[in-house]
Amino acid sequence: MPNTTTVATSVTELDLPMREEKDLLGTLPVPAEAYYGIQTLRAVHNFHLSGVPLSHYPKLVIALAMVKQAAAGANHRLGHLDETRFKAINQACQLVIDGQYHDQFVVDMIQGGAGTSTNMNANEVIANLGLELMGHAKGDYRHLHPNNDVNMAQSTNDAYPTAIRLGLLLGHDALLTSLQSLCHAFSAKGNEFATVLKMGRTQLQDAVPMTLGQEFHAFANTLSEDLGHLGKQVPALLCEVNLGGTAIGTGINADPRYQRLAVERLASISGHPLVPAQDLIEATSDMGAFVLFSGMLKRLAVKLSKICNDLRLLSSGPRTGFNEINLPARQPGSSIMPGKVNPVIPEAVNQVAFEVIGNDLALTMAAEGGQLQLNVMEPLIAYKIFDSIRLLTRAMDMLREHCITGISANEAHCQEMVERSIGLVTALNPYIGYENSTRIAKEALHSGRGVLELVRVEGLLDDDTLAEILRPENMIAPRLVPLNG
């Protein structure tokens with residue numbers, strides 16, 4: 001979407017039709033075709049910070065419309081909103097829920113006012129859509145008012161955090177789907193590489209043999225752990241909402257019956273099991289659920305980054321590195337070095353992970369920065385957590401599609417490195433003893449000769465015994481009794 005400040009300026013410069021709207025601070029010309037109004041326009045003029053408008057996150061826009069639709073339904077049922085206005089609001093909200101008019105949500109994600117600009121952007125768009133449906137001109141708020149009607153029995157203090165929680169729930173499935181697909185891709189490679197013997201490493205030094213399949217299954221399993229946690233814990237974190245608390249959680253200006261009806265309607269509209277918060281004062285100011293959710297996203301980012309570090313190491317070379325696997329060649333790697341191909345996909349995922357880690361820190365500081373009965377930093381919290389979800393979802397899809405599914409193994413090279421590795425002596429230790437193993441390892445290191453060669457020369461084990469010890473299945477899993485025990 002174009003930068004909203006540029007849009008507003010260009011409209012004035014081109015002298016397009018305008019309508020005049022009035023608020024507490026005075027009057028402003030608003031583009032006649034715009035569905036947003038004067039309070040949205042003031043926010044556009046004030047906040048051009050991230051350059052990322054609300055429309056960048058469709059699930060948040062949809063959640064805002066669902067909140068307004070649920071509130072209107074509850075107020076209508078209680079007799080506070082007449083049939084004509086209710087129908088107009090209900091239909092307008094449904095248009096937004098169905099994906100229309102999202103380009104009218106133009107306020108920057110980072111804003112002062114604890115989200116009031118976001119709430120008013122939604123109120124004004126829905127009011128003006130409703131006015132059109134009623135046959136009235138945009139801005140003719142005598143017939144349908146953004147505050148009196150669309151925002152009835154609401155405050156930014158309860159409508160905005162409820163929409164954030166619901167928007168995260170609506171977008172949660174996409175993240176889980178991408179993560180599950182990536183887990184499956186790693187698991188499939190684990191099966192494919194099940195018989196590829198290689199050296200495991202600790203502290204970048206040779207350790208003991210393993211299979212490449214074990215390594216890739218470990219990648220799959222560590223991500224599967226996060227898939228399970230995100231799938232089970234996040235809905236529980238986000239399903240308690242403070243809708244009905246209005247200002248600071250007191251419920252002022254709302255019917256005593258409104259909270260239960262509004263939350264029930266929102267649960268029905270959204271398909272998520274939302275429940276009213278038990279303590280609306282606490283729920284209005286506490287950002288703990290977002291902190292915990294963001295921490296889970298950070299944990300996933302850290303795991304993805306570590307895996308990508310490993311992939312870059314395992315594919316390093318091709319002649320002077322580990323060269324155990326080949327990553328798909330995605331693009332030429334250098335403007336000066338012919339033939340160079342870089343691991344660009346894992347590198348990009350690393351950078352996404354760093355961004356998500358930074359988002360978590362910013363969100364944590366914003367959660368801590370609230371005072372008394374409201375956290376005014378909630379817009380930053382919303383921006384950072386939605387951004388982390390978007391980045392992680394895209395990064396995991398990219399990693400799976402452009403890297404993991406196309407990885408191949410250099411099996412012969414892996415086998416050669418096992419046979420040349422001094423670490424192989426660990427597998428012989430139960431059969432020749434620690435002192436012999438230490439001496440053989442030291443001699444191999446200084447002479448450059450192989451461990452197996454030295455064992456054969458000294459006659460410590462015969463060829464049949466060595467062959468049995470070095471069978472992959474005997475080196476990559478527990479083996480309690482030595483052959484000569």
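**Salt bridges, ring pairs and a buried glutamate**

Lys198, Arg201, Glu215 and Glu324 are tied into one network of salt bridges, a salt bridge being a side-chain nitrogen of Lys or Arg within 4 Å of a carboxyl oxygen of Asp or Glu. The model is a predicted one, with local features requiring pLDDT of at least 70 and side-chain atom pairs counted only at pLDDT 80 or more, while totals for chains, interfaces and linings use all residues. Residues are numbered from 1 along each chain as its sequence is written, and side-chain values use heavy atoms, with hydrogens and water left out.

With a relative accessible area of 1%, Glu324 is buried (buried means under 20% relative accessible area, exposed over 50%, partly exposed in between, using a 1.4 Å probe and protein chains only). Its side chain makes a polar contact with the side chain of Lys198 at 2.7 Å. Such a contact is a pair of N or O atoms within 3.5 Å; within protein, one must be able to donate a hydrogen and the other to accept it, and residues adjacent in sequence count only if both atoms are side-chain atoms. Setting aside neighbours within four places in sequence, Glu324 is in contact (heavy atoms within 4.5 Å) with residues including Lys198, Met199, Arg201, Ser408, His413 and Met417.

The strands come next. Strand β3 (residues 197-202) runs antiparallel to strand β4 (residues 205-211), and 5 bridges join them; two strands pair if DSSP finds at least two bridges between them. Lys198 stands opposite Met210 in β4. The two strands form a hairpin with 2 residues between them, and Gln203 in the turn has a positive phi of about 55°. Arg201, for its part, lies over the face of Phe322, at 4.1 Å from the ring centre. The rule for a charge over a ring asks for NZ of Lys or CZ of Arg within 6 Å of the ring centre and within 35 degrees of the ring normal. Lys138 lies over the face of Tyr35 as well, at 4.6 Å from the ring centre.

Back to the salt bridges: the count comes to 27. Arg19 and Glu21 meet in one of them, at 2.8 Å, N to O. Arg19 counts as buried at 10% relative accessibility, and Glu21 is buried too, at 4%. Arg42 and Asp23 form another, at 2.6 Å, N to O. Arg42 lies in helix α2 and Asp23 in strand β1 (residues 18-23), so this pair ties together parts 19 residues apart in sequence. Asp23 is buried, with a relative accessible area of 16%. The side chains of Arg420 and Glu416 also meet, at 3.8 Å, N to O. These two are 4 residues apart in helix α14 (residues 411-420), about one helical turn. Arg420 is exposed, with a relative accessible area of 61%, whereas Glu416 is partly exposed at 39%.

On the aromatic side, the structure holds 6 pairs. Rings of Phe, Tyr and Trp (its six-membered ring) pair if their centres lie within 6.5 Å; planes under 30 degrees apart count as stacked, over 60 as edge-to-face and the rest as tilted. The rings of Tyr57 and Phe386 have centres 5.8 Å apart and planes at 40°, so this pair is tilted. It links distant parts of the chain, with Tyr57 in the loop between α2 (38-46) and α3 (58-77) and Phe386 in helix α13 (residues 378-402), 329 residues apart. Both Tyr57 and Phe386 are buried. For Phe216 and Phe219, the centres are 5.4 Å apart and the planes at 70°, so the pair is edge-to-face. Both lie in helix α8 (residues 212-238), 3 residues apart, about one turn of the helix. Phe216 is buried at 0% relative accessible area, and Phe219 counts as buried at 5%. Ring pairs link Phe186, Phe193, Phe216 and Phe219 into a cluster.

A cis peptide bond joins Gly317 and Pro318, with omega about 5°, and Pro318 is found in the loop between α11 and β7. Leu372 has a phi near 55°, a positive value in a residue other than glycine; at 72% relative accessibility, Leu372 counts as exposed.
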